[in-house]
Amino acid sequence: MMPRPELRALVEPLLGPDGWMPMALRRLEQDALAARVAPGERAALARAARAAGAEMAARARGDRPASAEDALRHRGVLIHEDDGDALCGPFVHHALYTAPPPSVTLYRRPLTALEDLLDAAGFREALGGMSVREVVLAHELCHHLVHAGRAPEAVRPRVEVLRIGPWRRRAVVRAAEEIAAAGFAAAWCGLAWPPELLDCLTLAAWRDPTALQVLDVPQRRDTHVNRTDDPARAVRGDVAAG
């Protein structure tokens with residue numbers, strides 16, 4: 001089936017060359033340390049992080065056609081699948097990277113809700129028949145490489161948080177790593193669209209039940225949906241892929 005106008009209005013702004021930028025800037029707005037970056041400089045920080053993530057993907061992939069899952073396992077990262085609650089405060093997790101020991105937890109329920117929405121809306125073919133699992137695991141592979149110390153400075157930019165005379169204390173703007181991981185996933189998977197699109201569609205499927213009703217998608221009895229009184233807020237909400 002073709003996507004309805006409501007969903008098309010959500011997706012189309014993300015498909016332009018800078019369609020990912022509004023969500024990147026929102027991530028920075030939610031990072032307390034990013035408040036120390038001048039508003040006019042945040043877009044440049046986001047572009048640098050995203051470009052660095054893409055460069056990391058090119059180096060990590062090389063000439064090897066391995067999947068992100070194979071690349072993670074090759075590096076000793078355990079992959080678990082969890083049917084539990086993927087909600088953490090205002091966030092819905094597709095997956096979560098933790099270390100040590102290095103491991104990735106994939107949350108089946110939001111991934112299944114997203115897969116259902118892609119099929120029902122007719123988006124899967126339009127998005128190149130991509131694998132949601134591969135995109136999500138590529139995102140987590142970036143986090144693992146960062147944790148292993150293989151990240152450019154732009155992925156973990158530092159800002160000054162304290163100054164006493166000549167002494168300075170600096171801390172990492174962690175939102176930049178999430179922006180870089182999206183750039184990594186896009187480059188690793190060869191996507192012509194930003195992975196942030198999956199975040200928005202997950203929110204439509206997971207947090208706003210009316211999105212599924214609009215698309216005539218049957219609600220799964222075992223799927224927990226966090227209802228909101230403001231559908232627009234569901235679209236503007238938060239997805240944490242890792």
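Guide: Let us begin with a definition: a residue is called buried when its relative accessible area is under 20%, and exposed when that area is over 50%. Please note also that this is a predicted model.

Visitor: What is the secondary structure of the protein chain, and what percentage of its residues count as buried?

Guide: The protein chain comes to 11 helices and 8 strands. Of its 242 residues, 49% count as buried.

Visitor: With which residues is Met23 in contact, leaving aside its neighbours within four places in sequence?

Guide: Met23, which lies in helix H2, is in contact with Glu196, Asp199 and Cys200. Met23 and Cys200 are 177 residues apart along the chain, while their C-alpha atoms are separated by 9.3 Å. For the chain as a whole, consider the contacts between residues at least 6 apart in sequence: 71% of them join residues at least 24 apart.

Visitor: How does one describe the packing of two helices, for instance H2 and helix H3?

Guide: One gives the distance between the axes and the angle between them. The axes of H2 and H3 (residues 39-61) come within 10 Å and cross at roughly 110°. Angles of 65 to 115 degrees count as roughly perpendicular, and H2 is therefore roughly perpendicular to H3. On the side of H2, the contact is made by Met21, Ala24, Leu25, Leu28 and Glu29; on the side of H3, by Arg42, Ala43, Leu45, Ala46 and Arg47.

Visitor: At what angle do H3 and H8 pack?

Guide: The angle is about 45°, and the axes are 7 Å apart. That makes H3 oblique to H8. The crossing of these two helices is right-handed. Among the residues that make the contact are Ala49, Gly53 and Ala57 of H3, and Ile179, Gly183 and Ala187 of H8.

Visitor: At what angle do H7 and H8 pack?

Guide: Helix H7 (residues 132-147) and helix H8 (residues 175-189) pack at about 125°, with their axes 8 Å apart. That makes H7 oblique to H8. H7 passes H8 in a right-handed crossing. The contact includes Val135, Ala138 and Leu145 of H7, with Ala181, Phe184 and Trp188 of H8.

Visitor: Let us turn to the strands. In what order do the 3 strands of the open sheet stand?

Guide: The order is S1-S5-S4, and the pairing is mixed. Strand S1 (78-82) and strand S4 (95-98) are the edge strands, since each pairs on one side only. From one strand to the next, the twist averages 20°.

Visitor: How many bridges join S1 to strand S5, and over how many do S4 and S5 pair?

Guide: S1 and S5 (residues 103-107) run parallel and are joined by 5 bridges. Leu78 has Ser103 of S5 as its bridge partner, and Ile79 stands opposite Val104. S4 and S5 pair in the antiparallel sense over 4 bridges, with Thr98 opposite Ser103. S4 and S5 form a hairpin with 4 residues between them.

Visitor: Which way do the side chains of a strand point?

Guide: In a regular strand the side chains alternate between the two faces of the sheet. In S5, Ser103, Thr105 and Tyr107 point one way, whereas Val104 and Leu106 point the other way.

Visitor: Why is S5 described as largely enclosed by the rest of the structure?

Guide: The reason is that 5 of the 5 residues of S5 are buried.

Visitor: Which strands do helices H5 and H7 lie across?

Guide: Helix H5 (residues 108-121) lies across S1 and S5, running at about 50° to S5. Helix H7 lies across S1, S4 and S5, and runs at about 20° to S4.

Notes: Residues numbered from 1 in each chain as written. Predicted model: local features only at pLDDT ≥ 70, side-chain atom pairs only at ≥ 80, totals over all residues. Heavy atoms only, no water. Pairing = 2+ DSSP bridges. Axes fitted to C-alpha atoms, helices over the stretch in contact; angles between N-to-C directions. Contact = heavy atoms within 4.5 Å. Parallel < 35°, antiparallel > 145°, perpendicular 65-115°, else oblique. Left-handed = near helix turned anticlockwise from the far one by under 90°. Buried < 20%, exposed > 50% of the residue type's maximum accessible area, 1.4 Å probe, protein only.
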